[in-house]
Structures are given as structure tokens and as C-alpha cells.
Amino acid sequence: MKPELQEENKPQICQKYLGEKGTIGLIVLLSAFVPLSTDLYLPALPGMVDYLGVPVMLVNLTLILFFIVFSAGMLFWGPLSDKYGRRPILLTGIVIYIAASAGCAFSWDIWHLIFFRALQAAGGSAASAVATAMVKDLYAGRKQESVLAIVQSMVVISPAVAPVLGAFMLPYTSWQGLFWMLGLIGIVSLTGGVLLEEPLTSRYTGTIVRSFGRLGTVLKNPGFTSLLIVFSLVSTASLAFITDSSYIFVNQFGLSEQWYSFYFAVIAVGMISGPFLYLRLSRYIRRNTIIVSCFAIMAVSGVMICLFGDLGPVAFTLALFSCVNDRELRQAFGNIPYAPAAERGHRFGIFS
């Protein structure tokens, strides 16, 4: 029997308490931890600067360090879940996330808030790492593809919805209330994690050091490393906008938090449309041509922002909307065969 047929016929692990719909719902919620944790409180950032009485740079560290710790945590928790099981790592991560969310809400100065945001990222990265692995553990063949499509849809929708939700919560609560909301999301996820039966049937028997060493093997590939550097530079521009977007629209353009969330949602639609546009274009255009075109359009968009961005929020949004974002480049880079098949799992883990 061919390997792909064996994978297609792999028996699915039944979840006695969650059931199929509950399991998929849990995976979707865990996968949305990143956009919810970063985008939900974006509308509150200018107000947090005034409340805490600190420079913008320090408040922005609550976002920057979150991304850094989260990225490192994905590489840390993944190998641990292979060796000790998905469920223990998931529960540990969610408990850390809930405790850190409460710590953020109780923070009385910026330094405590920065610390708890980093801790929140550490816990959230465990949830995301396990969610990705659970799809491969529980499903196979076309069922796995359909579940991945549902998960990706949530990841795509969340960045556009989260700021709108946060902006409409602000008239009724403070920025601390947004972190309580994240804690509540963590509690719901913890309930699902408690009901989850261990999905991993075969655990990694090697040492943790050996597992982490395989990541170094991937990084020794010059083709992978060069593209990783390029992709990281592109992502830096995207993350810089996310960090400063609320100050641009609220402080510079004088918009309310609610109007800011609408403009951000429009830009987010442009950001998340990249992969879908790539899938269509790749049928007719060479991949390298698409990548070069992406960089050219990004450069033109940057010039348009410099020339016309100060005219108002509409001009700024239209100039930024035309910029091809890192998601399309990620899609293109991810399909270039610069790493052996045995290293592709680690390759995508590092790119994520």
C-alpha cells in the first residue's frame, strides 16, 4: 500500500468527552491565541501611555517582547510535547497564560506589565505549538486538510475582528478589562484541555538535547537560512506597523478607538488576502517572478505612504493596503524546495 493511502486510512483518535466538533473548536481557539493576545488591546495602547505615564517606546515593549518570547516558545514547547505528550504541555501553557493575563490586569506599572506580557507569550506559545501538532495527531488525509482549512480561516479572521472587539469593549471597560477577557478565553481553553484525551499515541524516545539539535541541522542549510533572513526583515515591517498603528490613527489622525479598529480591519483584509492571491497567481506565473513583484510593490507602497500618508487616514490606508505583505511571501517561500523532506517540519516551525 502506498504511504499516502496508509496516511489516508490512518484511524482517527476519538475524543470521548469533547467529541469531534468540540475538539475542532478547541484547536481553533488555541490557534487564535496569537492574534487575540496582540490585536485585542491595540486600540487601548494610546490610553495606556497616558494612564501609565511612560513613553510610547516602553508600552510598545509589551508587544515586541510578546512576539520575541512567543517565537522562542514555539521552538521550546514543540519538542517537549513530542516527548511528554500534548496534554501536559497544553495544560501547563494555558495555566501560565491565565496567570499572566491576570498579572497584566493587576499590573501597577509598566515593568510589571512587560514582565507578565512576556510570561503570557510563553504560555500562549505552548497552546499554539500543541494546536498545530494535534491536527496531525488526530486527523489524516482529506479530514486533516479540512480541519487545517478551518483553523487557517480562524487565524485569518482573528486579526481583523480582534481590534474591533477591543475597541467596542473600551467604552464599557478599561484596558485592564481587555486582559481579563484574555484570561477568560484562557479559562475556556483550559476547560477544553482538561476534557481532552491525550492525542499523541507514539512519543519521541530520544533526548531533548538531540531534538533541539535537529533545529541546528536545518539552520545549516544556506538556502533556508538566507530566505529566513529575508522573510524576517519583511515581517519586521509588518510588526512595526502593528505596534504603531493605534498611535498613527488615534494620536496623529485624531480618530476614536472605534474608527481606528475599522481602518485596521480594512488593512488586515489586505494583509490576509496575500496567500489567496498567491494561490491564484502561482497557477500562471513563476514563483520567483511573484516574489520579485512582491518586493517591488512593497517598495512602491512605501514611497506612496511617504508622499501621501499625511493627507489623512483614507490616503494612508489605501497606500498601505496596496502593499503585498509577509503572508504572501511566506506562502511563496514555503513552497521553495530548499530543504530536504526530513527537515521540512523543523523548517516550517522556524518560519512560524
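## Surroundings of Arg86

Apart from its neighbours within four places in sequence, Arg86 is in contact with Gly78, Ser81, Val130, Ala133, Asp137, Glu198, Pro199 and Leu200. The model described here is predicted. Arg86 belongs to helix 6, which covers residues 86–106.

One of these contacts is with Ala133. In sequence, Arg86 and Ala133 are 47 residues apart, while their C-alpha atoms lie 8.0 Å from each other in space. Is Arg86 buried or exposed? Its relative accessibility is 5%, and a residue under 20% counts as buried, so Arg86 is buried.

## The protein as a whole

The protein has 17 helices and 0 strands. It consists of 352 residues, and buried residues make up 51% of them.

How much of the accessible surface belongs to carbon and sulfur atoms? The share is 68%, out of an accessible surface of about 17,100 Å². Contacts were also sorted by separation along the chain. Of those between residues at least 6 apart in sequence, 82% join residues at least 24 apart.

## Helix 4 and helix 5

Helix 4 spans residues 45–52 and helix 5 spans residues 56–84. Their axes come within 9 Å and cross at roughly 125°. Angles from 65 to 115 degrees count as roughly perpendicular and those over 145 as roughly antiparallel, so helix 4 and helix 5 are oblique to each other. The crossing of helix 4 past helix 5 is right-handed.

Which residues meet where these two helices touch? From helix 4 there are Leu45, Met48 and Val49, and from helix 5 there are Val56, Val59 and Leu63. By class, this contact has 6 nonpolar residues, with no polar and no charged ones.

## Helix 7 and helix 9

Helix 7 (residues 110–138) and helix 9 (residues 175–195) have axes that come within 13 Å and cross at roughly 20°. An angle under 35 degrees counts as roughly parallel, and therefore helix 7 and helix 9 are roughly parallel to each other. Helix 7 passes helix 9 in a crossing that is left-handed.

Where the two helices meet, helix 7 contributes Leu113, Arg117 and Gln120, and helix 9 contributes Trp175, Phe179 and Leu182. The residues of this contact divide into 4 nonpolar, 1 polar and 1 charged. Arg117 is the charged residue, and Gln120 is the polar one.

Note on methods
Residues numbered from 1 in each chain as written. Predicted model: local features only at pLDDT ≥ 70, side-chain atom pairs only at ≥ 80, totals over all residues. Heavy atoms only, no water. Axes fitted to C-alpha atoms, helices over the stretch in contact; angles between N-to-C directions. Helix = DSSP H or I, 4+ residues; strand = E, 2+ residues; numbered from the N terminus. Left-handed = near helix turned anticlockwise from the far one by under 90°. Contact = heavy atoms within 4.5 Å. Buried < 20%, exposed > 50% of the residue type's maximum accessible area, 1.4 Å probe, protein only. Areas by Shrake-Rupley, 256 points an atom, 1.4 Å probe, with all protein chains shown as cover.
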